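Here is a short note to read beside the model. Take the points one at a time and find each place on screen.

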Amino acid sequence: MNHGLAAGAVTTDRTAAVRAAVWSALGRVRDPELDESVTELGFVASCEVSDDGTASVRLRLPTYFCAPNFAFLMVADAQDAVCAVPGVERAEIELADHFASDAINGGVAARAGFVRSFDGQAADELDGLRGDFLRKAVLAGADRVCRPLLAAGRTVDDLAELTLGNTPASPELDRLRARRAELGLPAGDGDPLLIDPATGAAVGAQGLPLHLRRARVTRVSVDANAGVCRGLLYERYGVVSGKEPS
Amino acid sequence: MYEKDGEKYFVVDGHTHFWDASPANWVPGQEQYAKGWIECFHAYQGLGPPETHWSIEQFQKYSEEKMMRHLFDEGHVDVAIFQPTYLKQWYTTGFNTTETNAALAAKHPGKFVVNASWDPRAGDDGLRELQEKVERYGCKGVKLYTAEWRGESRGWSLKDPESARYLEKCQELGVRNIHVHKGPTIWPLDKDAFDVADVDFAATNFPELNFIVEHVGLPRIEDFCFMATQEPNVYAGLAVVVGGLMHARPRFFAKVMGELMFWLGEDKMIFGADYAIWEPRWQVEGFVDWQMPDDEEFSDYSKFSVEAKKKILGLNAARLYDIEVPAEGGLAETAESAGPAGDTPLAAPVSV
């Protein structure tokens with residue numbers, strides 16, 4: 001009997017560890033439009049792991065009509081991330097309360113892709129869309145990195161000379177570098193801090209003022225959008241985003 | 001006319017609705033969408049001040065008396081522009097139609113401007129209906145919703161060849177103001193439904209028409225700003241910007257307004273309360289009282305003058321719609337005769 005209890009406790013500990021790893025994996029799944037993790041945004045309504053290794057994740061979004069393409073990417077990315085966690089035998093990812101919940105949940109579970117999941121309504125998979133929004137994230141990230149540098153007294157001309165390697169370290173710089181690497185853009189220490197996110201070419205001193213203006217408005221747009229999304233999520237579910245469900 | 005600190009503001013609410021989203025109007029079999037739509041709108045109302053929130057039942061359908069009170073008796077609105085949204089796939093008699101808007105407008109002469117709407121998927125019949133509506137109601141503008149569902153279709157684009165026929169018809173009929181509202185779906189679904197490139201395309205091809213991008217292209221403010229700065233006939237409709245951000249996210253509100261002022265300027269911004277999502281009163285009073293904060297974070301952005309606020313709250317829309325402005329609501333001669341405000345972002349040197 002004692003042995004049985006001990007075995008049960010071991011299993012429970014292991015399950016708890018897998019559950020923590022699943023939560024952590026979900027933290028690396030991002031809303032492609034907002035470039036923030038679904039856990040930070042409060043989009044994970046529940047996350048459970050059973051003793052047999054089944055991970056059940058329920059996602060929720062700020063509105064019933066959130067764009068179905070981005071919703072599909074988040075559910076598919078969550079499925080990939082959770083399935084890759086050691087100890088997870090099966091992943092059940094469910095998007096709740098959305099007009100296209102059935103098409104998305106069924107399509108992702110069957111690994112059918114976007115075109116087959118939305119039969120007749122989509123022309124292509126979502127790689128192009130994802131790339132477009134990663135490029136916006138790179139542009140917005142340039143503002144996040146440069147604004148404190150300018151406030152600290154660097155000039156616009158100084159910025160044109162900076163490389164990723166000699167820019168002062170910050171979480172925002174790491175994030176920018178990661179997004180660039182994801183896109184296959186130059187992301188090494190010797191590469192310029194400021195590049196055209198479409199081509200990867202360095203932004204020269206002449207083009208820099210306009211580039212920074214574009215970076216700023218892109219960041220304002222993404223931040224304002226995220227602010228509205230957080231507000232709507234609160235109105236819909238009464239939760240302040242960023243809290244891990246217990 | 002709203003008066004504050006000795007200044008008079010002629011208020012044109014550029015975006016209002018008279019809708020019926022009550023369950024009795026839900027199309028059988030489509031209830032989930034009809035319910036989802038109005039619940040989504042209702043959540044937006046939650047971004048306004050708590051004392052202006054309504055119950056979902058009140059929000060689904062409201063009376064003429066209530067609307068007239070909220071806009072004109074309490075809301076400081078002088079003239080309101082109806083922006084129809086049909087959604088007949090979900091709502092039996094339509095959600096908010098030109099016909100319903102016009103019936104209300106007819107009872108209150110001088111208070112409303114009635115806009116039409118069109119959908120390029122309606123083909124020749126739609127063109128005929130557009131002409132009939134324009135002739136019957138004297139429309140000078142249309143409201144377009146590119147994410148509207150129609151049968152299996154989840155939306156359309158202003159780049160569609162059929163759209164050009166409708167824009168030509170607008171030009172022929174003297175319908176100069178094209179309000180475009182983007183939504184979450186389009187054909188094909190893998191494209192970004194909020195992309196404003198099709199507005200850019202249409203604005204270039206139809207330079208005599210004005211394109212007012214509603215909700216300033218939210219959530220694509222950056223794309224909208226890049227586009228609008230290159231197209232002289234593109235305007236920013238501020239519905240949702242004021243209602244959704246000024247109270248709930250004041251810092252982002254300031255930044256969005258600062259960006260719009262920089263990229264478009266004060267002659268291109270048009271206030272809209274988006275009733276019944278938000279009542280106009282707190283928006284008008286709040287915006288007149290509002291100023292760009294002094295903090296370092298906002299140092300890039302210009303302050304908003306009284307003249308700029310007068311233009312945004314009413315004079316710009318009055319110009320587009322030939323609405324007569326009482327003399328005391330206009331601008332002083334010097335300000336009125338000034339050219340477009342702000343610098344030209346693509347040409348001017350920029351300080352960061």
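**Notes on chain B**

1. The buried residues of α11(B) are covered by several elements, including β1 (2-4), β2 (7-9), β3 (12-16), α3 (64-73), α9 and α12 (306-321) of chain B. Helix α11 itself runs over residues 280-289. Its buried residues are B:Pro280, B:Trp282, B:Gln283, B:Val284, B:Phe287 and B:Val288. Keep in mind throughout that this is a predicted model.

2. Now step back to the whole chain. Chain B has 13 helices and ten strands. Its C-alpha trace spans about 55 × 40 × 35 Å along the principal axes. Of its 352 residues, 51% count as buried.

3. How does the radius of gyration of chain B agree with that of a compact globule? For 352 residues, such a globule would have a value near 20 Å. Chain B has 19 Å, so the two agree.

4. Look at the contacts inside chain B. Take those between residues at least 6 apart in sequence. Of these, 77% join residues at least 24 apart.

5. Next, the contact between the chains. Chain B gives 38 residues to it, and chain A gives 40 residues. On the chain B side, α1 (31-45), α8 (221-228), α9 (241-246) and α10 (250-263) each supply at least two residues. The largest share, seven residues, comes from α1(B). By class, this side of chain B has 24 nonpolar, four polar and ten charged residues.

6. The axes of α8(B) and α10(B) are 9 Å apart, at an angle of about 15°. Angles under 35 degrees count as roughly parallel, and therefore α8(B) and α10(B) are roughly parallel to each other. Their crossing is right-handed. From α8(B), the contact uses B:Ile221, B:Cys225 and B:Ala228. From α10(B), it uses B:Val256, B:Glu259 and B:Trp263. Five of the contact residues are nonpolar, none is polar and one is charged.

7. Finish with one residue. B:Ile221 has 27, so B:Ile221 is buried.

8. Which residues does B:Ile221 touch, leaving aside neighbours within four places in sequence? In chain A, they are A:Val217, A:Val220, A:Ser221 and A:Ala224. In chain B, they are B:Val216, B:Val256 and B:Glu259. B:Val196 lies 25 residues from B:Ile221 in sequence, and their C-alpha atoms are 9.5 Å apart.

Technical notes. Residues numbered from 1 in each chain as written. Chains lettered and ligands numbered in written order. Predicted model: local features only at pLDDT ≥ 70, side-chain atom pairs only at ≥ 80, totals over all residues. Helix = DSSP H or I, 4+ residues; strand = E, 2+ residues; numbered from the N terminus. Rg over C-alpha atoms; globule rule 2.2 N^0.38 Å. Buried ≥ 20, exposed ≤ 12 C-beta atoms within 10 Å, placed from the backbone. Contact = placed C-beta atoms within 7 Å. Nonpolar A, V, L, I, M, F, W, Y, C, P; charged D, E, K, R; others polar. Axes fitted to C-alpha atoms, helices over the stretch in contact; angles between N-to-C directions. Parallel < 35°, antiparallel > 145°, perpendicular 65-115°, else oblique. Left-handed = near helix turned anticlockwise from the far one by under 90°.
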